[in-house]
Amino acid sequence: MKRLALLAVVAMVGWVTGGNALVPVAEAKGKACLACHEGIERFSDGVMQEDIEKMGAEMGDAAGCVVCHGGNPKEEKDKAKAHMGSPKMLAKKGGPKNFLPDPGAMPVNDQACGQCHSGYFDRLNKSLMNTEAGKLQGNMWSWGVQKDMKVVWGNYNIVDDDGPVPLVGTKAYKKYMKDFVKKHPDQMPKKLKQLPQVDLSKLTENPNHAGYTYSRHDCQRCHVGVNGRDKRGDFRGAGCSACHVPYSNDGFYEGADPTIKKDEAGHVLVHRMQGTRKTKVKVGEVEYSGIPVETCVSCHNRGKRVGVSYQGIMEFPYGSPTTGKGKKQPKMHTKRYLFIKEDLHHEMKSLPGNPEGGMLCQDCHTTIDLHGDGNIPGTTLAQVEVECEDCHGTFNKLPWDMPLGRGEEFGGEMKDGMPAGNARGLAQKWPEYMKDATQYKPEDGYLLTARGNPMGNVVKKGKEVVVHSANGLDFKVPLLKTIGDEGTFKSTLAKVSMFLIPQHQNNMECYACHADWVPQCYGCHVTVDYSKDQKGTDWLVNANNRDPKTGLTPDAPPGTNGMKSPGKVSETRSYLRWETPVLGINGEGRVSPMMPGCQVTTTIIDPDGKTLVNNKIWDTPEGPGIDTAAVQPHTAGRSARSCESCHDNPKALGYGVEGGRFLLGADKDFVLDLKDSATGKIIPQKTQVQIPGIPGLTHDWAAIISEDGEQLTSVGSHWPLTGPLPEEKRDAIEKTGVCLGCHEERFNPEFWKKVSTPGVMDSFEHQQFMKKALKAVADQKK
């Protein structure tokens, strides 16, 4: 009856709804916003859209446009007048007070989206998606500005004035996080201050303060307080719209609103909300649900690069293979890419019994991972609440049998690979703060995150765990203990590494082995040039100069990147790699893959054109600021990296490629010309430096520690436990030269004749031979 009554109200005003589009009734009178925007897509479906249209009908706008956008629905001819003010009734109810071109933009989203989705603005405002506090702390550390691990900087001045207890979450979660904030005050600050602009009058004394310009120009464009960069792959909305409104990589509108230009980049793909399984979006002949991975990648293509890595691609400089016209591949995110291998969760068809389709980022990452919980996290580890084991369990525990905190012990005491505490169990009730999500039946119960919140889309069903993807597919989760109990190993290697060597799971991140590859951009060569009044887009100037009425920042209009500030930033790399990453210790105290962090090597030119520093590496409290950082690379593969890639690989141990014997001498200028080979002197009088030296760089970029245990560079800037592998772990891991234990006996022909056979052994025959040798030793001890 409620739905019929609503349709009657809508029909009386002149509109009925159908599919994505708003469809006019022939005898309609008073079209309100649709007098110009006829054909525009309905923003959503179901109860949400019903409520919007019902509220709109009360204000003379049956389509409900004014409920989110504000404006004057009575004006159907004059655009300026129509896009002005807001119905008084709406403003009194807490809705938009002015016309809002992007209702999702910060902070006006609290008036628009917040009418139904209360509390999200407060959470998002303090989350990493908005503050980027961790990125700023890491940058300032590598530039030698930050002298400790205390998180200080943000994109805005923000204060957490409601205490350490989260605004949302279960009782268990709130207790967990209250204790977490107490234990880690440096990584969970009470306030942030906006990163300042460089003071050019003091640049000579503090050339490393050019790091402020570098961050503001090149690093801060991805927070939700601003719109995306006006480049292919970077188009997006702001605030809620950054994720919940679709933009294509090319930024063109493909809907039916006649007022939106279809040949101008920078517009929404269609006027639809994307989010949950129940909300369908149709573009042409394609209908989908959930938030596509590429929406997330519009930001997550830099820094840790987890978005593009999840898709299986890594930036590279060449741009091959060529297009049909012989040109390089088009740039995306201002880069060109090489396909390496996608994460198995993105592919998923490799898992037997599962549908051919991949998982979305939101299928693992919770609303708190994305929107925050009302506290101010200073790093990714501080905000993200999920661990691999939350779904897969361990070799000896099913997910619900583990205590909370498994996988993020941060150096705390453990027994048999587990922190103290009772089994976490399962959740039966759907929490209030998740009421807007698609609600799935609990079956035997919802699985819990490491911090005690239910994962509403992950359920136990009999002996199985099922993930309900927002894209409409359901996936069965492999449970490690079940695999062990049933003996359904895919290989002997899996059996040995995961079930017979418990230290692997007790001390290591799952992805220390199961990350197929890690993007490694060694050396970030940054030039900041303040001469000739050069300027660049300053994303914090944009963010902090928004229109207070509309929430729009100066970078919002298509075709512009907004306001600028002094300094022109350019950057390049030393070299790129993807294979066999270095291993180290992450902030949680576990062995983890590492990747080049903010490895800045800087050249600073002042306003007068004077070079203040050239190829300068700044000092940090832990050594030279060519930082190496722990990472969850999002490149998981079913087959783990080989034993040899760690146990017989000096690079994995942190010693550099093949023990650091390459790339030496980078600290000196390299002149290449005719040379007297007897004396080493350059023959021509007129010559130039081919490769400028980098003062202080006396080792391979990939080397973080010497074999004598001397830490060579900064390793991690956020957490005290982060660092190179300690000596006892390096000694336990390193098995380089083991082959010589047998093969050096080839110098003893008589002995070798007794133990060898003619011909060449393959790998399997080697393994069988070693088993016989072990058995012989065991028999001797009987």
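In what sense do strand S13 (residues 454-461) and S14 pair, and over how many bridges? The two strands run antiparallel and are joined by four bridges, where pairing takes at least two DSSP bridges between two strands. The model is a predicted one, so local features need pLDDT of at least 70 and side-chain atom pairs count only at pLDDT 80 or more, while totals for chains, interfaces and linings use all residues. Residues are numbered from 1 along each chain as its sequence is written, and side-chain values use heavy atoms, with hydrogens and water left out.

The strands make a hairpin with two residues between them, and Gly462 in the turn has a positive phi of about 65°. On to strand S15 (residues 474-476): S14 is joined to this strand by three bridges, again antiparallel, and Val466 has Lys476 as its bridge partner. Here the hairpin has five residues between the strands, with Gly472 taking a positive phi near 105°. Strand S14 (residues 464-468) is mostly covered, with four of its five residues buried. Buried is taken as under 20% relative accessible area, exposed as over 50%, and partly exposed as in between (1.4 Å probe, protein chains only). Strands are DSSP runs of E with at least two residues, helices are runs of H or I with at least four, and both are numbered from the N terminus.

Next, the charged pairs. A salt bridge needs a side-chain nitrogen of Lys or Arg within 4 Å of a carboxyl oxygen of Asp or Glu, and by this rule the count comes to 29. Lys126 and Asp160 form one of them, at 3.4 Å from N to O. This pair ties together distant parts of the chain, 34 residues apart: Lys126 sits in helix H7 (residues 120-126), and Asp160 in the loop between strand S4 (158-159) and helix H10 (171-183). Both ends are tucked away, as Lys126 is buried with a relative accessible area of 8% and Asp160 is buried at 12%.

Ser127 counts as buried, at 0% relative accessibility. A polar atom of the Ser127 side chain lies 2.9 Å from the backbone oxygen of Leu124.

Glu409 and Arg590 make another salt bridge, with the closest N and O atoms 2.9 Å apart. The link again spans distant parts of the chain, 181 residues apart, from Glu409 in the loop between helix H19 (389-392) and strand S10 (414-415) to Arg590 in the loop between strand S20 (583-585) and strand S21 (591-605). Glu409 is buried, at 11% relative accessible area, and Arg590 is buried too, at 1%. Asp516 is partly exposed at 25%, and Lys341 is partly exposed at 37%.

Some charged residues go beyond pairs: Arg302, Arg305, Glu315, Glu571 and Arg573 are linked in a network of salt bridges. Arg302, Glu571 and Arg573 turn up again, with Thr334 and Lys335, as the residues nearest the centre of the second largest pocket, which has 33 lining residues. A pocket is an open set of points on a 1 Å grid over the protein atoms alone, with protein on both sides within 12 Å along at least five of seven lines, and lining residues have an atom within 4 Å of a point. The volume of this pocket is about 1000 Å³, counted as the space filled by probe spheres set on the points, which are joined across faces, edges and corners. Strand S19 gives the largest share of the lining, ten residues. By class, the lining has ten nonpolar, eight polar and 15 charged residues. Here Ala, Val, Leu, Ile, Met, Phe, Trp, Tyr, Cys and Pro count as nonpolar, Asp, Glu, Lys and Arg as charged, and the others, Gly among them, as polar.

Notes:
Polar contact = N/O pair within 3.5 Å; in protein donor to acceptor, adjacent residues only side chain to side chain. 1 Å grid on protein atoms, 1.4 Å probe; cavity = no way out; pocket = protein on both sides within 12 Å on 5 of 7 lines; lining within 4 Å.
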